[in-house]
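Colleague: Please take a close look at the charged side chains in this model for me. I would like to know how they are paired and what surroundings they sit in.

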Amino acid sequence: MFQDFDDTSDATETASRVERLRAALREAGVDGFVIPRADEHQGEYIPPSADRLRWMTGFTGSAGTALVLPGSAALFVDGRYTVQARAQIDGAVFTPESSVDTPLATYLGEHAKGLRIGVDPWLHTIAEVKALAKAMDAAGGALVPLPHNPVDRIWQSRPSAPKGRVTLQPVAYAGIEAAEKLAILRKALDAAKADAVVLTDPSSVAWVFNIRGGDVAHTPLPLSFALVPGEGRPTLFIDAGKLDAEARAYLSELVDIEAPERLETALAAFARDRAVMLDPALAAERLARIVAQEGGRVVEKEDPARLPRARKNPVEIEGSRRAHLRDGAAMVAFLSWLDRQPAGTITEIDAAQKLEAIRAEFGERDGMPLRDLSFDTISAAGPNAALPHYRVNRASNRTISDGEIFLIDSGAQYQDGTTDITRTVAVGVVPDEARRKFTLVLKGMIAIATARFPKGTRGVDLDPLARIALWRAGCDFAHGTGHGIGSFLAVHEGPQSISRRGMAVLEPGMILSDEPGYYREGAFGIRIENLLLTLEAAPIEGGDLPMHGFETLTFVPIDRRLVVRSLLEPGEIEWLNGYHAEVAARIGPRLDSEEDRRWLELSTRPLPL
């Protein structure tokens with residue numbers, strides 16, 4: 001499952017590809033073109049056949065957009081990928097831009113005055129196209145939806161579309177039958193006065209119909225669409241080659257099955273004089289255009305499966321707890337092994353491969369096989385750890401050396417749950433400044449884990465708790481504090497998050513990560529991550545508001561060697577000691593190796609108050 005990425009190979013041909021694209025744009029009658037990292041489903045997880053951005057620029061990050069103009073080109077990335085983008089792209093062709101400081105719409109207003117800018121309406125959401133069109137109108141130009149993607153016409157070695165096999169997610173793991181989930185959707189349709197909804201997010205399709213797939217790396221998604229009417233049978237638009245006899249028999253009881261290419265025709269036939277619900281943040285603009293062309297009405301509402309999918313049911317919650325105990329034991333065995341290796345003998349790739357092997361071993365032993373990693377393992381030593389979303393490859397692979405910090409951010413896909421954990425550990429004696437920053441990050445992580453907050457609180461309201469200790473030291477981190485987690489689905493799941501953009505209310509049943517960090521370019525990076533389950537909290541004595549809080553799901557020691565005890569408050573030390581006591585109690589009995597049990601005992605010793 002470990003993938004070695006040659007992250008610079010595509011950039012070597014960037015100049016010729018951009019010139020060929022410009023020629024194709026002239027033929028199409030436009031001056032420029034926007035290349036998002038997206039497919040028709042607008043998700044984070046895309047197959048190689050849809051990774052046009054990587055092919056054109058060489059950039060391998062999970063979020064970014066390129067703009068090619070007649071005499072210039074730019075790549076827009078956020079703070080997670082600033083350093084990575086500079087290292088991967090041909091700077092003589094593409095100029096890196098901050099998508100936060102200078103969003104694409106703003107850039108178009110300044111650099112595309114009077115131009116015609118092409119877009120593929122299947123690769124941009126309804127909301128994105130509205131924003132870009134507004135910017136182009138203000139600049140005296142025009143946004144032009146194209147009938148064909150010009151990148152595809154010059155991408156001669158484009159991979160084939162994926163054909164991952166569809167599997168069933170039994171109710172023993174899903175918790176709720178598909179019929180009940182369809183009833184939830186239809187209730188939302190009735191409330192919105194809509195006649196149908198088009199589900200464009202494969203995670204929603206998978207959740208609603210209790211199926212999983214294998215079309216993208218690390219996330220069990222069946223790339224597909226669904227048209228769910230208020231009355232009558234839904235239609236699932238999926239490549240029939242992905243369905244074996246069992247999956248076809250199961251789905252045939254629930255839906256009509258059509259090829260994905262039939263979606264446009266089917267939607268056009270249904271939409272005449274009807275109201276169709278589309279999520280403006282997720283649905284391709286092409287779908288809204290079809291509805292409008294047929295005289296239908298678009299009801300812009302959030303995907304009605306998104307929120308109920310985020311609120312894990314009791315069966316999914318218990319599955320996640322089991323998965324995290326299994327995964328925690330594997331992580332402890334890995335960290336114990338890592339500590340026994342002499343400094344300078346293990347590389348980043350060695351560590352990533354060893355962790356995956358241990359996870360597979362513990363999964364088999366537990367009767368719950370490791371289905372996949374939940375994302376590409378971030379195995380980063382020294383300065384590589386300063387890249388928040390670093391992906392090791394043969395060229396960048398570093399030896400984990402004495403006196404360095406090593407960061408490993410990884411996760412697993414088991415049928416009963418999805419995991420994600422980051423641990424930062426010391427290799428030998430590390431600089432005091434790194435230990436100080438580690439402790440400030442730890443303070444932020446504890447602040448989120450121990451938070452109690454009123455019903456109705458959003459992730460944006462909690463986000464400063466993770467940063468305040470760093471802010472007081474004149475520091476910060478350029479990513480969110482936490483993201484939602486799926487149930488044997490996407491490791492990044494919305495709508496919930498703890499971030500500056502976390503506008504969704506945090507509700508019981510939602511699982512989120514708690515992962516503040518600190519990154520010093522060229523030196524080291526720190527991140528500590530546990531997963532948390534949102535719960536109704538016990539009433540606070542003397543209080544008068546219903547409160548929520550978090551249950552910690554992740555049980556793996558936090559490196560005591562990196563903690564500057566004097567920077568912690570007594571309550572923070574008490575939390576860390578209590579957490580470590582619980583780690584020892586829950587994980588110790590799951591370890592077979594005496595070496596691992598001894599390592600766990602030493603790693604969970606209490607700090608003195």
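This is a predicted model: local features need pLDDT of at least 70, side-chain atom pairs count only at pLDDT 80 or more; totals for chains, interfaces and linings use all residues.

Modeller: Happy to! Let me start with Glu521, which is exposed, with a relative accessible area of 56%. The partner of Glu521 is Arg86, and their side chains form a salt bridge with an N to O distance of 3.2 Å. Because Arg86 belongs to helix α3 (residues 82-88) and Glu521 to the loop between β25 (517-520) and β26 (524-527), this pair ties together parts that are 435 residues apart in sequence. Arg86 itself is partly exposed, at 44% relative accessible area.

That pair is one of 44 salt bridges in the structure. Another joins Arg286 to Glu264 at 3.0 Å, N to O. Here two helices are involved: Arg286 is in α12 (residues 285-293) and Glu264 in α11 (residues 263-271), so the bridge ties together parts 22 residues apart in sequence. Glu264 counts as partly exposed, with 28% relative accessibility.

Glu515 sits in the loop between β24 (511-514) and β25, while Arg527 is in strand β26, twelve residues away. Both Glu515 and Arg527 are buried. There is also a network: Asp201, Arg309, Lys312 and Glu493 are joined by salt bridges that share partners.

Instead, the side chain of Arg212 reaches the backbone oxygen of Phe488 at 2.8 Å. Beyond its sequence neighbours within four places, Arg212 has contacts that include Arg165, Gln169, Trp207, Pro220, Ser487 and Phe488.

Lys181 is among its buried residues, along with Ala178, Leu182, Leu185, Leu189 and Ala192. Seen down the axis of α8, the buried residues fall within an arc of 100 degrees, so they line one face of the helix. The face turned away from that buried side carries Lys187 and Asp190, both exposed, together with Ala179 and Ala191. Just after α8 comes Lys193, with a positive phi of about 55 degrees.

Notes:
Residues are numbered from 1 along each chain as its sequence is written. Side-chain values use heavy atoms; hydrogens and water are left out. Buried means under 20% relative accessible area, exposed over 50%, partly exposed in between (1.4 Å probe, protein chains only). Helices (H or I, at least four residues) and strands (E, at least two) are DSSP runs, numbered from the N terminus. The arc is that of the directions from the helix axis to the C-beta atoms. A polar contact is a pair of N or O atoms within 3.5 Å; within protein, one must be able to donate a hydrogen and the other to accept it, and residues adjacent in sequence count only if both atoms are side-chain atoms. Contact means heavy atoms within 4.5 Å. A salt bridge is a side-chain nitrogen of Lys or Arg within 4 Å of a carboxyl oxygen of Asp or Glu.
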